[in-house]
Amino acid sequence: MNIDNDPAEVIDRFHAPDAVQVADGIRVDRDRLIAHLRPVRKNLREYRFEVHEAIAQGDLIAARMTIHATMRTTGPVTTEVFLFGEFTRDGRMRRLEQLTRAA
């Protein structure tokens, strides 16, 4: 993760301006995504995504994956993610619904 890039630029590269993410019942818009990214970037040491299954049809995707991360303050964190998403024509995320749990 390149921490030199502005978090807003990173979000805008991968998300539509009107993107909405609902994670574990919590609705997150662009501004909240940017606010979330700032402290994560400061604390994140390394990460990798392990995709177990992914199915895409047109602009829709469903996936099950595990995120393995090492945080500066808490050490290793492993999270299972189940997601359903919708992309824009240019490939950016428009809508993402996900459930997570500690693995």
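| Class in the lining of the largest pocket | Residues |
|---|---|
| nonpolar (Ala, Val, Leu, Ile, Met, Phe, Trp, Tyr, Cys, Pro) | 27 residues |
| polar (the others, Gly among them) | nine residues |

The model is predicted: local features need pLDDT of at least 70 and side-chain atom pairs count only at pLDDT 80 or more, while totals for chains, interfaces and linings use all residues. Residues are numbered from 1 along each chain as its sequence is written, and side-chain values use heavy atoms, with hydrogens and water left out.

In total, 40 residues line this pocket, and Q21, H36, L37, F49 and I67 lie nearest its centre. Among the elements that give two or more residues to the lining are α1 (7-14), α2 (30-43), β3 (44-57) and β4 (60-71). Helices (H or I, at least four residues) and strands (E, at least two) are DSSP runs, numbered from the N terminus.

In α1, the residues P7, A8, V10 and I11 are buried (under 20% relative accessible area, 1.4 Å probe, protein chains only). Seen down the axis of α1, these buried residues fall within an arc of 160°, so they line one face of the helix; the arc is that of the directions from the helix axis to the C-beta atoms. They pack against β1 and α2, with contact meaning heavy atoms within 4.5 Å.

β3 and β4 run antiparallel and are joined by 12 bridges; strands pair if DSSP finds at least two bridges between them. The two strands form a hairpin with two residues between them, and G58 in the turn has a positive phi of about 60°. Q57 stands opposite L60 in β4.

Notes. 1 Å grid on protein atoms, 1.4 Å probe; cavity = no way out; pocket = protein on both sides within 12 Å on 5 of 7 lines; lining within 4 Å. Buried < 20%, exposed > 50% of the residue type's maximum accessible area, 1.4 Å probe, protein only.
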